[in-house]
Amino acid sequence: MKTLEPGDKKRSVKALLDKTATEANFRVRLENEARELTEIGNSFMIRHTETDRTPIKISGHVDYFFLRVFALIRLVLHMTGREAIGSGPGASQADDDFN
């Protein structure tokens with residue numbers, strides 16, 4: 001996601017989060033979540049297999065991290081016009097409420 005917007009990665013992330021959350025308090029929390037997920041990805045044996053990374057041995061924990069990342073990515077893609085929520089097969093009223 002860091003390369004969806006032009007510029008270096010830090011500016012790209014800032015632009016994505018700015019477009020995703022215009023309310024200041026939510027914007028801060030969204031940035032904190034993005035930072036936390038980056039730290040998790042770098043600290044645990046998810047993206048890296050170096051021996052100093054903490055392995056995740058319980059599949060439910062992997063699912064938990066995955067769902068947090070998925071929720072952030074889905075929100076960013078939707079709010080920046082890169083995903084059409086509520087259209088196509090399987091669309092529901094809940095999707096319409098998200099818009």
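**View A. Contacts of Leu-72 outside its sequence neighbourhood.** Apart from neighbours within four places in sequence, Leu-72 is in contact (heavy atoms within 4.5 Å) with Leu-30, Ala-34 and Leu-37. The model is predicted: local features need pLDDT of at least 70 and side-chain atom pairs pLDDT 80 or more, whereas totals for chains, interfaces and linings use all residues. Side-chain values use heavy atoms, without hydrogens and water, and residues are numbered from 1 along each chain as its sequence is written.

**View B. The largest nonpolar core.** A nonpolar core is a set of buried Ala, Val, Leu, Ile, Met, Phe, Trp, Tyr and Cys residues joined through side-chain atoms within 4.5 Å; buried means under 20% relative accessible area, exposed over 50%, and partly exposed in between (1.4 Å probe, protein chains only). Eleven residues make up the largest such core, among them Leu-16, Leu-30, Phe-65 and Leu-72. At least two residues of this core come from each of helix H1 (9-20), helix H2 (24-43) and helix H3 (59-79). Helices (H or I, at least four residues) and strands (E, at least two) are DSSP runs numbered from the N terminus.

**View C. The aromatic pair Phe-44 and Phe-65.** Rings of Phe, Tyr and Trp (its six-membered ring) pair if their centres lie within 6.5 Å; planes under 30 degrees apart count as stacked, over 60 as edge-to-face and the rest as tilted. The count by this rule is three aromatic pairs. One of them, Phe-44 with Phe-65, is tilted, at 5.6 Å centre to centre and 45° between the planes. Because Phe-44 lies in the loop between H2 and H3 and Phe-65 in helix H3, the pair ties together parts 21 residues apart in sequence. Phe-44 is partly exposed at 25% relative accessibility, whereas Phe-65 is buried at 15%. Phe-44, Tyr-64 and Phe-65 form one aromatic cluster.

**View D. The aromatic pair Phe-66 and Phe-70.** The ring centres of Phe-66 and Phe-70 are 6.1 Å apart and the planes lie at 20°, so this pair is stacked. Both residues belong to helix H3 and are four residues apart, about one turn of the helix. Phe-66 counts as exposed, at 52% relative accessibility; Phe-70 counts as partly exposed, at 44%.

**View E. The protein chain as context for the close-ups.** The protein chain has four helices and zero strands, in the order α-α-α-α from the N terminus. Of its 99 residues, 21% are buried. Among contacts with a separation of 6 or more, 33% join residues 24 or more positions apart.
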